Structure formats: structure tokens, C-alpha cells
Amino acid sequence: MLHGADYNPEQWEKYPEVLEEDIRLMKLANCNVMSVGIFSWAKLEPEEATFTFEWMDKLLDTFHENGIFAFLATPSGARPAWMSEKYPEVLRVEANRVRNLHGLRHNHCYTSPVYRDKVTTMNTKLAERYAEHPAVIGWHVSNEYGGECHCDYCQEAFRDWLKEKYQTLDALNDAWWTTFWSHTYSSWAQVESPAPHGESMVHGLNLDWKRFVTHQTLDFYRHEVKPLKAVKPEMPATANFMELFEPLNYAKMADDIDIISWDSYPLWHDTSDPSYRAAYTAMNHDWFRSLKDGQPFLLMESTPSLTNWQPISKLKKPGMHNLSSLQAVAHGSDSVQYFQWRKSRGSSEKFHGAVVDHLGSEHNRVFQEVKELGENLSQLDEVVGTTVDAEVAIIFDTENRWAVNDSQGPRNSGVHYERTVTEHYQAFWEQGIAVDVIDSEKDLSKYKVVVAPMLYMVREGVGENMEKFVKNGGTFVTTYWSGIVNETDLCFLGGFPGPLRKTLGIWSEEIDALYDGQTNHVKVIGNNELGLSGEYQAKELCDLIHLEGAQALAQYGSDFYAGRPALTVNDFGQGKAYYIASRNDRSFHKEFFEKLADQAGLTRATGGTLPVGVSAQVRTDGENDYLFLMNFSGESQDITLAEGEYQDHVTGEAVSGNVTLTSYDVKVLKK
Amino acid sequence: MLHGADYNPEQWEKYPEVLEEDIRLMKLANCNVMSVGIFSWAKLEPEEATFTFEWMDKLLDTFHENGIFAFLATPSGARPAWMSEKYPEVLRVEANRVRNLHGLRHNHCYTSPVYRDKVTTMNTKLAERYAEHPAVIGWHVSNEYGGECHCDYCQEAFRDWLKEKYQTLDALNDAWWTTFWSHTYSSWAQVESPAPHGESMVHGLNLDWKRFVTHQTLDFYRHEVKPLKAVKPEMPATANFMELFEPLNYAKMADDIDIISWDSYPLWHDTSDPSYRAAYTAMNHDWFRSLKDGQPFLLMESTPSLTNWQPISKLKKPGMHNLSSLQAVAHGSDSVQYFQWRKSRGSSEKFHGAVVDHLGSEHNRVFQEVKELGENLSQLDEVVGTTVDAEVAIIFDTENRWAVNDSQGPRNSGVHYERTVTEHYQAFWEQGIAVDVIDSEKDLSKYKVVVAPMLYMVREGVGENMEKFVKNGGTFVTTYWSGIVNETDLCFLGGFPGPLRKTLGIWSEEIDALYDGQTNHVKVIGNNELGLSGEYQAKELCDLIHLEGAQALAQYGSDFYAGRPALTVNDFGQGKAYYIASRNDRSFHKEFFEKLADQAGLTRATGGTLPVGVSAQVRTDGENDYLFLMNFSGESQDITLAEGEYQDHVTGEAVSGNVTLTSYDVKVLKK
Amino acid sequence: MLHGADYNPEQWEKYPEVLEEDIRLMKLANCNVMSVGIFSWAKLEPEEATFTFEWMDKLLDTFHENGIFAFLATPSGARPAWMSEKYPEVLRVEANRVRNLHGLRHNHCYTSPVYRDKVTTMNTKLAERYAEHPAVIGWHVSNEYGGECHCDYCQEAFRDWLKEKYQTLDALNDAWWTTFWSHTYSSWAQVESPAPHGESMVHGLNLDWKRFVTHQTLDFYRHEVKPLKAVKPEMPATANFMELFEPLNYAKMADDIDIISWDSYPLWHDTSDPSYRAAYTAMNHDWFRSLKDGQPFLLMESTPSLTNWQPISKLKKPGMHNLSSLQAVAHGSDSVQYFQWRKSRGSSEKFHGAVVDHLGSEHNRVFQEVKELGENLSQLDEVVGTTVDAEVAIIFDTENRWAVNDSQGPRNSGVHYERTVTEHYQAFWEQGIAVDVIDSEKDLSKYKVVVAPMLYMVREGVGENMEKFVKNGGTFVTTYWSGIVNETDLCFLGGFPGPLRKTLGIWSEEIDALYDGQTNHVKVIGNNELGLSGEYQAKELCDLIHLEGAQALAQYGSDFYAGRPALTVNDFGQGKAYYIASRNDRSFHKEFFEKLADQAGLTRATGGTLPVGVSAQVRTDGENDYLFLMNFSGESQDITLAEGEYQDHVTGEAVSGNVTLTSYDVKVLKK
């Protein structure tokens, strides 16, 4: 189990005592890995073609001598100033077509030949010098890829990508429906990336541009990795990802990356419901674990205390650091790493939490909590490599997200795709039911239940995929505003939800949007097959549907569509397909998904229900189960375990029956 | 009575079955007119000088064969991409002096010689080919003119326009009071359009720039129409206008346009008071009808269901489509037309309501409601050509609006001119009293009552116009913040309200602005001549005035100006002039304008009072009166008719005494 | 005592009767000084090298004949259009690197050689022609300096300034901690001013850029003054400053300016607490008086009624103009001057309050209140030259303000430095205790109490300054988030509050930020030495500290840090050092600072407590005390005077014991 941080000793060159003290403190804190070289280009190549690797040699040697491992970064996250000065083409051009000045980070053109050359040279030198260094256990490629460039190089690359995709302008014009507002292209040169002062409302263009940005970023990643792999193909590489990040489609990048890693900064103790915050964070972990089909990931960055860039930098209450870190492990992480080891003395992130504060010693609360966590982690080595076995998949599809957020539709003042997915996820999290969070094109055969909230875009094959899943006995749940458009945002003709209509056995005629504050009611129909008994509140979106084989389980209670179906189920093949027609409150999610879990025979981590704010999650290697019980509620809670013998993985005590968790406590039990 | 929609079959070129199906559906929906060719340039001239009119030939022929008429559009609303590529000068330059890229719509320079040439060529070809086509009944020139260009051509044209207006720089400097902040121009070349990074606070410049934009847009319209009229002078032309549109002064354009038309998209069922929403919409209809002195207008666009570009796309409840459409007719429209006939499959407006949904058939609620409305409309042919006979005029003056909104004054956080005009309008709407909504320079002799809320700008002749109106027996009502500046935003010297002071018999010494939440009270004075008895709340703006011949009807109740006049009347010549010194609540408007209507002997459509949310409006040809009773309240309402015999125009039944309107019901009664 | 206004008769050139009438009105209003020539460049030099001083000759001669004095302005606040047209380099370049167009005011490059030449020529001519004119009593240099330019000239000047400061790039890189994100500069040419599309988050760069802007503005001021002083060195010069203005560090400019003056526009009668508004305004006065160590300042601009550029232009209630003006005098002003004498007829500030309204006569409330104030001021000539003798200093440090507002830290959603300083100031204002508002580098030896809220930045020597102050018997108070960074925003290592730690006897381990709505409690510890007995609410920021010699006076009441110290005092040398760990409510400030004042033996203007909303302030020449009693509460209030004999300076009556002030009343009592 890895425990460590980003480390930039080159910031402390003028403070020569720091490195030695840091090594002492790393060992004291039970840290065994550091990410080094991130943003170090100016120290590695201070002038063009002048390389100064000596400090890195010393650093890695010192690590090795002290039993500390390293992820070695490629420094492409930020260029040195001399490169911007000499080769302005490396600077990014924003959508307004103005080239940036040197500054901030990233801010490079990923198409620029000069920048690519410079990266190849640097990465080749790093690989040749350090690939075989005994301290180095993997490549940390660049840092938090993101952003886009609209320079002429990128425009050309975009056009080439489009030619490859569509072959003819006519096909492109059809796919983007350019006849609308006379946007028909008559030459490839007329195609430009979206711009605030140019084209911004051709959704097919917007979508393809986002696809191209992912493509080109991945191409740049491949370009970065090539010289690294040339030297030592078996050295794994990662590129750290970000929370619910929208600009890149990580699902398209996962195959190329050896190990998924991500940077997690939850807003613990904010003013939202603690269960929502914890479930939201859990969903992110599950998303990253699911990117490579359950392969454990790395928590590459987190903060031991607080960030400095969120609106409110709130301290973690005692215990929360341990809980937050082990939550990552519970959901599949094989590491807990921080940004950063030592707070920088100046510049923009100097107040970002770190293991070593400006204080410079171990004598503060944060260091002590890191140290204790380090001890706990050191007892979890056997969890490394195990995974989570989920019977449920939630579809969280990035292309769908791009499309549903971009397309002007029923609720421009807030369509809330991400929140809606999270609310569906939370209903399982509250039950201790493991969930995979996946792209809509993934194989569904391993799941009992698939939930696809707002599956607005149904790409080629996806409808068939769902249909087959249900036919073979699966339970499929989707909602209003699903089955609307194809891969280029062209609407399905002949009736919504398009390719899902047959599976669901309903037809959606029209959808009503409600203003904030307006509501409808959803009343269950007596003796419905799921045994629902409540009455729920609907808001924001109400779909007006007709039954085409499905049966209604609930109906609207007011407005002109009172009495029309609000929740339906269709028996289809061996399975069932549910349609939730309205956006409902939490009480609906709670009751509906509990009944559904019972009906589908889903496994709950503790076998039964959980107190509010408590999460239960299992990692397993097929033989051994590691049950993580986590209390986010802020109060003491009692949990009843399923029958069986458990062993507390920290204390070694045998446990059964009831377990008490104090506030922010976490227990790892081995079954 | 016309019933139809915008239609773009060229979007469906690859779906050859669509046209035939559409013709079937048009007839089924009782549609008799389509607007075609809007945004069709890329299909009419796919490459420079290559024209492809065949599809349009076929379309118009098919229409003719099926008894459907067409408004034929000039396609200048959007250029083809090849034109932007070859002649960048056709692209608009924004106020920041950056030239746009190709994209969106409009986005052209209306001064560009190249663009004007291209428009002439296109419009000449259209006129020559289609002016005599039996299906074509009028020209739909461009689409929703708007926007401005700051390119060098436009700067030159602006300077020429200013030279023509002011003759000398000295006159311009005086008119704009440029000595302030040393802005004196010493050469014409120094004059530039307003810019966020240049001049933005010389109000005279801002006003003249807006005037120039209207001038240049009108000049472009004339340029568009010229080749059309050259072929067939008697073919009428229209240019569709927009709701309370501020950037253009439509009053200056109305003479050149044969038929006024506009595009109406009310926010029915939003969270505001239904009466306010209905009155606001009615005021727009009245404004457009008044532009050509009562000549009926066309409702050129509306939605049969919902839009896709408003914050919330709310469905119209059953009946509201009929009610909303007949409201337009009640206020003077001789058509009900939609954007659009068939929902486009892709691009930015694919979810904008249409007669034919993506479903593609007649089997949905929206189509059925359109069909029913079509039946109703087909029985109203004799209403065509009749108009509304108003005894009341509300001054809604675009130049005043520009000036009062731009000039930094008493309440920069919200001076609310448009809302204030609407509130005054609503007081008559609630009584069933017909209103014209006019520019301040219009002839007033036909009116009994003229209301001019916040007539901040009083241009040359306007004060004299009002004075003569009152002298001759009219009742004039104005408010605080009137009579402040002349045509170039120079303040009147010697005492406000300047040219209105004598007529009103008061002097405004100073004006107090109240923060949101702060209020004053307005108390009527016992035995006042209007018989007012209430006490009202004042907010936002309180004018401190002195009587100069007028008498006070009410006074302030608090603050240091308690006891000073808050409402006055001046007997002047044969008439009366009222001054409302404070911004008051709705209860004031209700009582004051009811008493005023009684005093002035105004005609109410039903002779008496109306339930809340019910509107009554009369169209007449002088002999026959068509009384429209419209229920916007969302509940059933009983209306008492004036004495006389009425015939229900749909059922043919005789009606008298009481009439009941169910929710969203509308009745047309012929007297 | 000066009483007057800005006056621009050149706006009224075409209204020749205006000047004579204005002279009559000035005398009637008891005005004795006018500021002329502000923004008059286009009238003084209408074409390049053509000068027209005749109107100014006549103006000043007329003043002299009528006993009116003048501040003569240099016209650099706005250039004539011909200069922008011929020499674009004089136009300012914004941070986005786009050069402005001609317009607005200022908007010049203060580095441009051309602009500097033009200023020298103009100022030389003004000095040669008018320095000896008997009406002229001082130079009004430019107007409200502000803004910055990013052109190439300014970039070069910035680099030169940096070279002078740091000598080597290595020193600059260290000071700015550029190693973070690889920002190391390897050539001076790489250094550029901050930009939204370039570097924006290197805090050391941001700080030094702001310092450079002050430096360059001061350099421009010196350039302006040089030709003026060359002709008549003893003629005083001022440059009018602005309310709590952040972009310039006035403390660095004060030595070069002979007399401080400022422009005050309080939001009287807004929705905030009247005491807060009055205290905030008083604090500004004290800040400007303290800039030159107590030397009286000039109220160079104020409004006799309202402004036209604030969100709400609210009238001053009767009496408030007198009260507001005498408040300035009470805090050290030797003048009451207005923007402006006569409302301009057009352009952006035509509705800004003035002595002479568009009405054009003396027959309105505003003129009469100005006249009465003029009479009152004419009786206060002996107050001129006296000052305020403060025993308390509040540190309000502009560089600290820049740093604490720019640096991303515990509360990016609102760190509220200015409000916090004001709240501390208000606690003394409510007690009638005089306060100086000073930079952290000022000499502290004259004070009994020094309060430094949020002294985030402690520059070289400042910590030592505070330490010496306490050692010698002073009482020092500081708060959370103090002692964090040095002069270039590098954090202190080894424990916060860095250089203040020893003096305060505490160590700050970490700081918690609370979301809006979250609170903690502060409970006093029984028998604390100050005698505090209350319980207070803490919000927003709670510092978690450890005692290192200090004793706790209060502790937190909740969250995981309940029981930890929230208020401490350290006996150090002869003095005491208090640390307020949390941001507390007003009840804390009230009780704490009253007890502290008692303990430190501070002098209260009336010897005792004051009713809420009443302020008492003393000006003195060491022998005579002038006690200003001012009632901002909006209600009548009784004040008990300290023992002694007082004379009402207006009525001449003897006063002792109790004094009653009606609403907005002010009394000046001579002791």
C-alpha cells in the first residue's frame, strides 16, 4: 500500500538542510513513495539544451538509500520561460483566437511541432537516465491534462481528424445538420473550432471538437510515453485525472494508461448533507476504478488538511483524514498520496495543505494524523490488488454529458445531469450496494442492474446493448430525457425514447419543464408489483408518456397531466425495464431503489440496512472479503453485520453482530 | 385569416418523403400559408454565382397546387460560408473592434459594399423568378434584423450621417456637451462609435450611434427591397420584428414596411402574475398595431408549444395555444404563424416547438391543438382588415427608452422603464379599455387620454404637442422623471419638467431614490376631485414637487417630505394634466385609472368591470364589433356583458347578459 | 476655512450670462474658493501648440475682483482628442495588451515620452502665466490619479524598476518563489506585467507590479510638479485622493504632496447601520489626515446633494449636508469643497449633485443648505490648522491589503480585510476616542494603543517595531491571520505569527474557515484580567493557537477546538499584547475595546459614553479644544459632557452638563 506525496525539493535549493530533514520526516510519517519532477522543467533544463540532472540524481539516490520509492514525472505540465520566449508557437491560443502570454501552467499547444520535439528530447533523457533507477517505480506523465488550443496547427489537425471521420463534406454537413441557418460548408477550410465570436451553436461541431480535444490530448500522451516505453516497456505509466472532469473523455484514454490515478479534494464539512458529499466522492472513486474494469487505481493527490483554492478552506475535523483516505482504499485505491509533501514558501499554492507545514516539523496535528494513517495503511498491504465486485452499473457517459449540457432544451436554467447521476448513485451507496460507474458502450453482461439517468444521447449499438441486457434477464432503469439524439446530436425520428422505446414499452410525447419552486406529485398505484406505497414530489422535469406494453406503477397527481403514468415497468424477455418519467425527490429514490434491490436480489455489504451517513464497501480477491465500515455522519452509529465471523484488520479482534462506529470512525473487517 | 409557419424543406433534402407528407399535414392542420427561404442562401447559391432555384420552384409549385400561399424570404439573415471565406469584409466587427468569425446568423456588416452587391444579385433573381408566382403573396425580408457593426465602413457611414445631421463639428460638440472631460472633437476623423475600451459615457454619442444603427438598418432594408419592388411594386413586404426590442427604433422603420409583423414568445405559466404576463403580451401586440396607426399586423412567428431558448421550456396547458393565438387576433393580427412547421433534426433550435414534431405525424396533442385553432381561425375571415379603436394612448418611445436607460441618474440599480410602462398599460387592460402604444411624436388628436410614464426625453415639438392636446380637452398623465432632457440628452435649464412644466402646473425640485425595501406612503387628500379614497405605497422614486397652478390630490406620508404633493392635477385649457410624483404600487394604478376612465368617459369593451385575469378587446370595422373575451386566470370566470345582442362567432348562438369562460377559454362575440 | 467647488465655466462658453450669475451665487453661498482647469486641456490647447488662455485669464481676474480664490489644476486627467489621434502611444494599454481607443478620462500612459513632453509644456505655460496670479492659492495636480498601463514603455520601466530593486534575476526568482510551476526567469525580457491571459498567480510579481504602478504614478506626479515648482516653489500642490482606494499606495506618495486632499461620497441613508456608515467615513478622514502625520487635509470633493454614479442616488435628508461636511472638519479638514459648482448640461455626470442645479438659481433646498453651511464654516476660521491628537493607531496598510486580498488562502469567498479594519475602528469611534489610521511602518512611539487587524504581511522591521512598542509600555492588539508573510509574500517558516510570535506569546498552528452561516462561540474565562463577562459569536475565521507565555481570556465553545484559547494577552516588557483568534461579532468589539480603553487609560472626547449613532471628536492646537458633537442616529439624542466650561461656537452660548442634539444635528463647542 503506497503512502506519499508530490515532492519538489528543487524549490528549497537555497535551504540545504531541508532535504535531510524531509527524509527523516517521511520515514516518521510512514511514507514510502514520492512523486517527483512535476513542473521541474526549468530546473532540469534551465537554458535550451543545457541539462542539469544532478539534483535529481541525488534526490533519487537518497530515496533509494532510505527505502522510499518514486513516481518520476515528465515535466510537460509547465514550460520554462525561455521556450515561450524563443518559440511563441508553444503557447496556447484560446477560443477567442488570442495567443496566451507565458504564465500559469499547461498553457501549451499540444499540436506544436516544437513543443513535441522538446518533450521528446526531455522524456528521452529522463528515460535513459532514470528508467532503471531502483527508486523509480513508475512514470507520472505530465500533470492533470486539460485545456484546448485553437491555433492554426490545431485547426489543421481538427480538419484532418474530421476528414478521417466523415470522409466527405457532404457527410459532415448531414451529420451536423448544417442546413439550419445556412451553415453548409463548401470547403474544408471553412471549418473552424467553436468560438465565442464565431460558431458556437452547431451542436455536432461542438461535440466533435470536444472529441477532437480528447483525441489530440491522448495523441500527446502517446507522444510523451513513446520515449519512456522505448527504454523500459514494462515500467508503468499514469496520468493523474480530476474529479468529474468534463473537458476530456477519460473513457477513451483509459486503455493507453497503465494505471488510473486521480486527484481528490472533497468539500468535507461544507453546508451540504454529509451523505451527499460522501456519496459524491465515492462515485468518483468508482468511476475511476471502473475506467479499467475494476483494476485498482491510485489516489495520486489529496490534501492532508485543506486546499487553498476552494471558496472556503475548511479544516478536516479529527478522524476525517483517516476516514477520507480509507474511503479511497475501500473503493479500489492502492495508495494514499498528497499534494504535497512540504508547503511551498511562496506563489499561488503556498497555503495548500501539506504533510509538512511552514512550521517545518512533525509537531502539529496534521502531521500526526498523517503518521497515524500511515500506520493503518501499512497493515492493509494484503488489500492491494483486490477489487470491488459490483452487480450494479450506473451509466455516466461523458459524450452524453457533453451533449445534454450543450444542447438547448427543456431547462436551460439547469438540466443538472451530474447531480441527477449522483442522486441515483447515492440510493445504492446508502444501501451498501457496490456500483460500477461506466460509459454507455461498456459490456453490461456482468451486471444485474443497469441505471442510466438522462441517457439523452444513445450512440450506435447502445440501444441494442441495453435491449440485449434486458432480454437476457437484466433490470434496466432509465429516466425522462433519454433516447433523444444519436452520436452527432441528431434527434431520433418517429418517437422518443428512440432506440430504447421498444425495451421500455413506452412512448414519450412531450416533456414539461417546471420553474424553480413549481412541483407536481407522484402517487403510486395500489398493489403495484414493486410494493411501493409512498407519495413523492416531482420537480423541474415531467415527461408525458404513453404506455406501449409497459405498466404504470405510479402516476402524476396534478396539472393537466394528472393521472398519466409517472413510473413504468416493462417485462421484456427475461428482464425488466423501468422508466422514471419525472425528476423526483430523495424519498422516491430511497423507496424505489430499495424495492428494486430486493427484487433484483442485489448484495448489500452488511446484508441489511445502514444508519444514515454510514457507508459499507467490500474489496475482495474472490476469497477474502475486506469490509470497510465508514461513518460520515458526524455522530456515533451502530451497525448490524450479516451473520459470519469478522476480524478487525487493525486490532486483530474478532467481531460479529453489532459494531459501533464513533464519529468519523472507519473499521476494516476481514471476513 | 392566415395560418401557417416557417418552412425549410431544404433541411430534409435527404428525406424525400417529407415534402409530400408535409403537404398532407398542412391541409389537415388548416394551414394556408408558409414562410419559405429564410436562411436558405447556401441552398440557393451553394457556390459563388452558382444558383440552384429548382427546389424552390418545386416547392412553390407544390404549394400552389395544394392551395397554400407563401411569404418568400430574402435569405440575408445568414450568409453562406463561402462568402465569409472569400470576402471577410462581410463579417461584422463588434464594439471591441474585433471582426467576428463565420458563424451564428446575421453577423454581417450592413454597410459592406460586397454584401450589398450580393444581396442585390440574390434579391433580383428571387424577384425576377418568383414575384409573379401565384403562390407568393408577399416578401419576408431577411429575418429579425438586429445588431450593429463597428468596421471602418460603418465608422465612415456614421461620420457621414453625423455631418448630415450637425453640419459642423461645433454643433456636434455643443449637442453632445463634449467640453465635459475635454472630449471636444477637433476633426471628424476623431469621432468613433462607442466602445468598451474607448468612449462609452458621452450620452449624446451613444444616442446618435443608436439612431445611426436604426438608420443604417433601414437603409439596408431599402437596399433589399429595391430589386423586389422593381419587379412588382404592389407585392407587399414585411420584416419581422421582436418583442419590446430595444436596439432598433421600429417607429422610424414602419413607414417603409408595407405590413408590420412580429414574433411573439410569451412566458405563459411562468411564476409571474398571469394578468401581468397577459397584459405585457397585449401591450406588445398594441405597440406593433400602432406602428402603422392601427393597420392590422401579422403574427409572423409564435410557437405551437414551447421554445428551446428560454430558461425554462414550459408546455402550454390545454387551451392556452388557442387563447394565446386569438389574443393576437383580438389586438389586430390578421394571422397566426409559427416558427416552425417541422422541428429541425439537428443544430441549435432542434427542440423549438413546431407543428410537426420529431414524431413526424399528426398523432400528438400539439398538432391537434393547432388543427383546432385552424378551424377557429377559418371562421374569422370577416375580422381580417378590421382594427382596434382606441381612445387611450400610452407613450412608449424608443429614443426615450434609450436615453433613460443609458443616462446615469437617480437609480442605476434599476430605473425599470419598460416595467413601468407595462404597469400603466395593465391598468387599462384590466378594465377592457383599448390602448394604442405610440411614439411621443405621434398625432394625439384622436385620443381622449394620453399617458406618458417617465417621459425623460422630450424632443423638439413634443412638449408643444402635449400642451395642445390638453388645451383642446385631452387628459394627459405623466410621472416623475419626465421633461428632463432634449433630443441629445442635454438637460432642460430653468426647472423640470421643462417643456411640460406649464401644462402640468408643477415644478420638480429634486427626486429621491429609495433603496430596495425602503418605502413611503401616498395618502389621498379628502374630497379630492377624482374621488380617490385609498392609501398607497410608494417605492424606488419619489419626486419632490411644488404646485404652480396644479392642485394636489394626494401627498406623501413619511420622510422629510411628508405632506408634499404626490399626485396633482392641473386644469389647463379644456383639459386636465395629471402628474404622478412617485412610483406607486398596483393598488394605486387600479384605483387611479378607474376613476380617470370614469372621468374621461372612456369606453370599456364590456361596459363594466372584468374579473381578475380576464381581458376584453374589440376589433371593429366601424359597423361590426367583434368582442374577444379571454380568460387568462387559470380558473372559470363569469363576465357580464353590456346591454345588446351578441352572436357567438364560432357556435353562432345568440348571447347576452352573463357569459362563463372556463379556464383559458376565449369567446369571439359579434355585436 | 475654505468653502467651494470644482468649476468649469468653459462648458458654458455659449451661455455668456452664466459666469456673472455664478459669481453672484458664489458670494451668496459663502464660497471663497474654486478648483478650475480640471479636464480643460481641449479648451487650453484646442489644437497642437495652439494655446487659448484668454478665458482662464478672465476667469481668474474675475475671481480676484470678487474675493474668490482658486486651486488651479493641471489638465492631465484627460487628453484632447487630437493628441490621441496623432500620437497613439499616449493611449493606455490594458492588461489584455489591447490599446484603448480615445475616450473616458485618464486613459493615458504615464510612461509615454510624448505624453510627458506634452504635460511639461502645458504645466510650464500654466506656471509661467498663473503662478503669481493673486487668485491662485495652490496647484490641483491632475485629478484622481489611478489606473495602469501595460504598453511596451511600461514593461521596460517595470523591468528597470525590478533590476534596481533586486539587482539579479536570481534574487528576483528567490523572492517570487518562481520555482513553483517552473516559472523561473532566465532573462529579464521574460518578465512581464500580470495578465489575464498570461501570468496572474505569482503573488510576488503581482505585489511588485502594484508597487511599480504606485512608483510610476508618483514619478509622473513629480514630472507634473517639476515645472510648477520651478516657477514658484512655495506654491503648495495637492493631488486629490479617493475613498479607501486600493490601486495606489498613498502612504508612499504623501511625502511628495504638499497638502493631502480627498473626494468623499458617503452612502448616507443607505440600508446599512448609520453608525457603520458614519464610522466608515470617519475612518477615511482619519486615514487621510494620518498620511502626513496629522497635518490638516482638504475635503476637495463632496456632493451638496447626491451623486449620479452610485447604484441609488439618495437625497440627503435636511441637516445631513451640514453634518457630513462638519464631520470632515471634525476629523481634520480645513475645507469643504464640492464636485461641482454647477451641474453640467450634458454628458455622463450631468445629474451629479452641484451647488447650482439645472434650475440655475438659488431658490432650492440644496443651495440654501450650502449657504447655511457656508455661514457655519465662516465661523470656524480659528479651527484651521488645528489637528487631532490620537492616542490610538489602527494599522491599515495598503501593501498588506494587496497581499491579503490577492493571496489564495483560507477564505477566497470573502476575506473582508477592509470591513474588518472598519469594525475595529468603529469600536473606538463609538467611544469618542480619536484614532490615527496608519501604515505599518509608521513610528508608533506616540500611541498608547496600536491595533493591527489581519496584519498578514509583516515587512522587514515591522515586527521589531511592534515588539519595541510593547516593550516600552504600549498595548498592541492583533488578530488571526497575522504574521504570515514577508514583503514578497513568502511565508514565515518555523511557526506563525512569525515575527509577532514572541511579542504575542502564542503559536498559531492552523486556521479554520467557516462557511457563511456556520458559527462558533467565544466564552470568556471567569475572572479574566480585563473583566470581560460576555459570550460572543465567532464566524468566518477561527485560529487554533497555543499559549507560549500568553494567558487566555476567552476560549472557543464548540467544534473540535472547544476549550482552546480564543483571546489572549501577553505581558511583555512594560506593555501588553492581545491576540484575537477569531472573527467576532460587534458585541465582542464593543465590550473588549471598552475594557481595553479603560485599562489603557484612553481619553474619550466627552469623558464618558455616547448614545448609539453619536460621534464626538476633538480638534486642538494644544491650547484650545474644539469639541464636535455629531448625531448620525436619525433621532434626537442627549449627551453628557465631561466637567468643564464649553462655549457653543456658533451661538456663542455657554454650555455644560447635558447637550441635546436633534436628528442630524452637530454642535461645535470650544472648551
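Colleague: How much area do chain A and chain B bury between them?

Modeller: About 4,800 Å². Carbon and sulfur atoms carry 57% of it. Keep in mind that this is a predicted model.

Colleague: Which residues in chain A lose the most area to chain B?

Modeller: A:W177, A:W181 and A:Y515. Together they make up 18% of what that side buries.

Colleague: And how many residues does the contact take from each chain?

Modeller: 57 residues from chain A and 57 residues from chain B.

Colleague: What about charges? How many salt bridges are there between chain A and chain B?

Modeller: The count is six. One of the salt bridges joins the side chains of A:E510 and B:R365, at 2.7 Å from N to O.

Colleague: How many residue pairs are in polar contact across the interface?

Modeller: The rule finds 31, with both residues at pLDDT 80 or more.

Colleague: Which elements of chain A give two or more residues to the side that touches chain B?

Modeller: α7 (169–176) and β14 (506–513) of chain A. The largest share comes from β14(A), with six residues.

Colleague: How do the residues of that side of chain A divide?

Modeller: Into 25 nonpolar, 20 polar and twelve charged.

Colleague: Switching to chain B. Is strand β14 mostly covered or uncovered there?

Modeller: Mostly covered. In β14 of chain B, residues 506–513, eight of eight residues are buried.

Colleague: In what sense do β14(B) and β16 of chain B pair?

Modeller: Antiparallel, over seven bridges. β16(B) covers residues 535–547.

Colleague: Which residue in β16(B) stands opposite B:I506?

Modeller: B:L547.

Conventions
Residues are numbered from 1 along each chain as its sequence is written. Chains are lettered from A and ligands numbered from 1 in the order in which they are written. This is a predicted model: local features need pLDDT of at least 70, side-chain atom pairs count only at pLDDT 80 or more; totals for chains, interfaces and linings use all residues. Side-chain values use heavy atoms; hydrogens and water are left out. Buried means under 20% relative accessible area, exposed over 50%, partly exposed in between (1.4 Å probe, protein chains only). Helices (H or I, at least four residues) and strands (E, at least two) are DSSP runs, numbered from the N terminus. Two strands pair if DSSP finds at least two bridges between them. Contact means heavy atoms within 4.5 Å. Buried area is the accessible area (1.4 Å probe) that two parts lose on being put together, summed over both. A salt bridge is a side-chain nitrogen of Lys or Arg within 4 Å of a carboxyl oxygen of Asp or Glu. A polar contact is a pair of N or O atoms within 3.5 Å; within protein, one must be able to donate a hydrogen and the other to accept it, and residues adjacent in sequence count only if both atoms are side-chain atoms. Ala, Val, Leu, Ile, Met, Phe, Trp, Tyr, Cys and Pro count as nonpolar, Asp, Glu, Lys and Arg as charged, and the others, Gly among them, as polar.
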